[in-house]
Amino acid sequence: MQSFILRHKPQLTIIGGVLIAAGLVARFALHSQPAYAAAFIAASVIGVLPILIQAVQALRVRVMSIDVLVSIAVFGAFLIGSWDESAIVTFLFLVGGQIERHTLNQTRSAIGALTDMAPQSAVVRRADGTFETVPVDDVRVGDIVKVTTGDRIPVDGVVTSGTGLVNESAITGEPIPVDKAEGSSASAGTLLDDGMLTIRADTVGEDTTFGKIIELVENAQDSKSKEERFIDRFATYYTPAVLVIAVIVGLVTRRVDLAITMLVLGCPGALVIGVPVSNMAGIGNGARHGVLIKGSEVTHRLSSADTFVFDKTGTITVGMPQVTDVRRYDDSAAITAPDDATRYLVGVEAQSQHPLAKAIVRHFDDVPAPQVDEVSVVTGGGIRAVHDGHRILVGSPRFLETEGVELGPTAHADAAELESHGDSLVAVALDGRIRLMLGVRDRLRPGVADGIRNLRRLGARNIVVLSGDNQRAVDVMTAGLGLDRAVGGMLPDQKAAYISRLRDEGHRVVFVGDGINDSPSLALADVGIAMGNGTDVAIDTSDVVLADSDFSRLPHAYGLAKRTVRNMRENIAIAVGTVALLLSGLVLTSWLTMAVGMFVHEASVLAVILNGMRLLRYRVK
């Protein structure tokens, strides 16, 4: 019976409204007091049933909910013969609940739409070459899946055959479809608008980019800001306090109607709902625009940030540098075939995911690379390796010198020249002698200059770039960006120490990075932001992820956080102001009845929900 009543609350609300209307007709048109009383009594009984059930459920878990207060108030009004008050209060409370659920569902749809886009099945090629449809959870890495027009891609992988136009807005936020052909990357959750593709699955299930987006957003909803924690504690003590005060008022004034009205007017509904709806709407807006915020507490910290610190490579730059110059320091300059130093360099760098390593491998794509086994990475410095009895060192000139390699005047002059052009340097030593020096240069991400200007406009006071690259390369790359400081030659521990020093000085620091070497700084900053195309370690360590590594999403994240926190505080002010207004009106006036108070109360609940929903439309201007 209880589940039936709760399931049919909308219908009971309608019946209550019809009975109230019938009672008003009976009184003012037919002048029938018995019919009027019967209609309002029936409306009171029907209306209080779902409210009473929810009140009992709350009391069973020792929670003094708003339903408890309303139930007591309605029974009190019923006992003193205020049929009209009890009927109208229950009707308004139920109507308010329906409006609240509807508007909250609208807010949740921004997040729920993500899970709705998750593919449930995949068409996988079997061993005999035929295809069969299987649940997406049964797809394994290495499987070949077929995607046809109108289907969502179920895995992260590489296109092995076919062509098509893919709508990647679920991942990147960009509505323009992207051409895909053999060799193109494909992401789970994106939609094939036209064509047919077969894709080799490289990542499946919850490990796909889309799966991680859903996981981050779901986890974010469970995280609470200090405003929400305050409201939880406040509501725990506030509701029983209202009940006690109402009892005392009734005993002192000997006016049951006044005590009952106080119960209704003191309900903290808007206060309880206002902050969560702002949080949910803000996280939903971020998810739709490629900004994944890991919880309401992160939103609060980001909103108060005054200092932004950026890694350079892969963060403000594209992270796909190119080799611009190669200098040799032996007799092999006249030899057309690749020398040992070049081959060993390619063999070592082929095992690295660093952007400079990838640039070198791309540059020497025609050089056969040996399988170099004994490789050890010196974080922030370079790589040591041994192959065929040769000791190989790859890294910055400074790294080679710390390893005992004498550069010589020619190499020093070359290093100075390349650095003056803004190149990053990669030097190669073989058996203790320098053999190669490469100049590698990256380019700025599109929109970095505009993004930094927007951060300034939104309230960022200090903007800094830290890089392991040489100072000249950093200066050339960051010229004209309007930074407060750009520091080169920084090792990972030096970056982390710089972040700690800023925090010790009282700054609220945001660090933005993308690599494994950025993880300490991401963890130390008040807010760590990872570029979405960065390493898994950086993404896991961070508090915010920018999908598709789009720099323009950073000002959106910053502005959205500020707007969300302001919206939370607006809702708290609306809720507290409404309660204060109603209670003062009850004491100072005679016209404030229970029904009028409930109407104002429900209006305040709707006001905070609608105010929170404004966040769904937020965009950086």
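Asp-431 sits in the loop between β14 (424-430) and β15 (433-441). Strands here are DSSP runs of E with at least two residues, helices are runs of H or I with at least four, and both are numbered from the N terminus. The phi of Asp-431 is near 55 degrees, a positive value in a residue other than glycine. Most residues other than glycine have a negative phi. Asp-431 is partly exposed, because its relative accessible area is 41%. Buried means under 20% relative accessible area, exposed means over 50%, and partly exposed lies in between, with a 1.4 Å probe and protein chains only.

The model is predicted: local features need pLDDT of at least 70, side-chain atom pairs count only at pLDDT 80 or more, and totals for chains, interfaces and linings use all residues. Residues are numbered from 1 along each chain as its sequence is written, and side-chain values use heavy atoms, with hydrogens and water left out.

His-31 also has a positive phi, about 55 degrees, although it is not a glycine. His-31 lies in the loop between α2 (9-28) and α3 (33-60). At 64% relative accessibility, His-31 counts as exposed.

The axes of α2 and α3 come within 7 Å and cross at roughly 160 degrees. That makes α2 roughly antiparallel to α3. Axes are lines fitted to C-alpha atoms, for helices over the stretch in contact, and angles run from 0 to 180 degrees between N-to-C directions. Angles under 35 degrees count as roughly parallel, over 145 as roughly antiparallel, 65 to 115 as roughly perpendicular, and the rest as oblique. The crossing of α2 and α3 is left-handed. From α2, the contact residues include Leu-12, Ile-15, Leu-19 and Leu-24. From α3, they include Tyr-36, Phe-40, Ile-46 and Gln-54. Contact means heavy atoms within 4.5 Å. The residues of this contact of α2 with α3 divide into 14 nonpolar, three polar and two charged. Ala, Val, Leu, Ile, Met, Phe, Trp, Tyr, Cys and Pro count as nonpolar, Asp, Glu, Lys and Arg as charged, and the others, Gly among them, as polar.

Helix α13 (residues 340-349) packs on helix α14 (residues 355-363) at an angle of about 135 degrees, with the axes 9 Å apart. That makes α13 oblique to α14. The crossing of α13 past α14 is left-handed. Leu-345, Val-346 and Glu-349 in α13 meet Ala-357, Ile-360 and Val-361 in α14. The residues of this contact of α13 with α14 comprise five nonpolar, no polar and one charged.

Now turn to the sheet. Seven strands form an open sheet in the order β8-β20-β19-β18-β9-β16-β17, with mixed pairing. The edge strands are β8 (291-293) and β17 (485-487), each pairing on one side only. Two strands pair if DSSP finds at least two bridges between them. From one strand to the next, the twist averages 15 degrees. Strands of a sheet pair through backbone hydrogen bonds, either parallel or antiparallel. Strand β9 (residues 307-311) and strand β18 (residues 509-513) pair in the parallel sense over four bridges. Thr-307 has Val-509 in β18 as its bridge partner. Helix α18 (residues 471-478) lies across β16 (462-466) and β17, running at about 145 degrees to β17.

Two more residues are worth a stop. Thr-299 lies in helix α11 (residues 296-303). Thr-299 is buried, because its relative accessible area is 4%. Beyond its neighbours within four places in sequence, Thr-299 is in contact with Ile-293, Ala-561, Thr-564 and Val-565. Ser-161 belongs to strand β4 (residues 156-167). At 29% relative accessibility, Ser-161 counts as partly exposed. Ser-161 touches Met-196, Leu-197 and Thr-198, not counting residues up to four places away in sequence. The C-alpha atoms of Ser-161 and Gly-183 are separated by 8.2 Å, with the two residues 22 apart along the chain.

Last, the chain as a whole. Its secondary structure comes to 23 helices and 20 strands. Of the 621 residues, 51% count as buried. Of the contacts with a separation of 6 or more, 68% come from residues 24 or more positions apart.

Methods
A crossing is left-handed if the near helix is turned anticlockwise from the far one by less than a right angle, and right-handed if clockwise.
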